[in-house]
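The structure is shown first, and the description follows.

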Amino acid sequence: VTAACTGLSKKFADKMEVANRSVIVAPKHHAGYYPGAETIIVKLTYAPENERVLGAQVVGRAGVDKRIDVIATALRFQSTVRDLAGLDLAYAPPFGSAKDPIHMAAFAACNDLDGFTEITEVGADLEGLQIIDVRSAGEVARLRLPGTTPIPLHELRARTGELDPTRPTVAVCHLGQRAHIAVRILKQQGFESVSNLTGGMFLKQHASPEDVIKDES
């Protein structure tokens, strides 16, 4: 496993009192249908006031070096997350998807900045929020947050009546993709404040292990 970083981490940005936001994505390092695709985790930190890239952390078994090099170059030229989203990176199934992990992180950051799918940081305090877990029943049984309302994503449209649209709401899934879809569904149903827990339960269990309940059986 390779771990790499460039620029400011979120923790260091907070320490320096630099306004920041961050997103976490975990796509495959090359096309998923091509043999050998490995998960690569990208955490992108950026400034909300000018959209500038502040830094990144990348962890994975393959393709980490080239992603961190791209973001390091973006930092050198004071690029924004929209610049990252528009990069024309090399594509071939053995080396990368048409939408690279860098693109996916930048897309998530742009969605957050535009209010399309707002992000809740993985280490955030969720006390008092309405938490909707859109994973399957089996996933929830193995690992969950206390006080959540479990509604599988495919049932969400039919069960929004069980929720309070006026309460601040966070959607949770394994990594964030299903929660992104859930946020869009809830927004279309008139929910006033709803966001996606970036990194999902996969990273929440590491960022705040005291907040999760695991089935150890």
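## Elements around the largest pocket

In this predicted model, the strand β2 (21-25) and the helices α4 (101-113) and α7 (177-188) each supply at least two residues of the lining of the largest pocket. Of the elements, α4 gives the most to this lining, with four residues.

The volume of the largest pocket is about 540 Å³. Its lining is made up of 20 residues, and those nearest the centre are V25, M104, G176, Q177 and H180. Sorted by class, the lining holds 11 nonpolar, eight polar and one charged residues.

## The second largest pocket

The second largest pocket has a volume of about 230 Å³. Two or more residues of its lining come from each of β3 (40-46), β4 (53-60) and α8 (200-207).

The lining consists of I24, I41, K43, Q57, V58, V59, V122, L203, H206 and A207. By class, seven of these residues are nonpolar, two are polar and one is charged.

## Lysine 204

Helix α8, which contributes to the lining of the second largest pocket, also contains K204. Is K204 buried or exposed? The relative accessible area of K204 is 1%, and buried means under 20%, so K204 counts as buried.

Beyond its neighbours within four places in sequence, K204 is in contact with V122, G123, A124, L126, L145, L197, P209, D211 and V212. One of these contacts, V122, is also among the lining residues of the second largest pocket.

Definitions and conventions
Residues numbered from 1 in each chain as written. Predicted model: local features only at pLDDT ≥ 70, side-chain atom pairs only at ≥ 80, totals over all residues. Heavy atoms only, no water. 1 Å grid on protein atoms, 1.4 Å probe; cavity = no way out; pocket = protein on both sides within 12 Å on 5 of 7 lines; lining within 4 Å. Points joined across faces, edges and corners; volume = space filled by probe spheres on them. Nonpolar A, V, L, I, M, F, W, Y, C, P; charged D, E, K, R; others polar. Buried < 20%, exposed > 50% of the residue type's maximum accessible area, 1.4 Å probe, protein only. Contact = heavy atoms within 4.5 Å.
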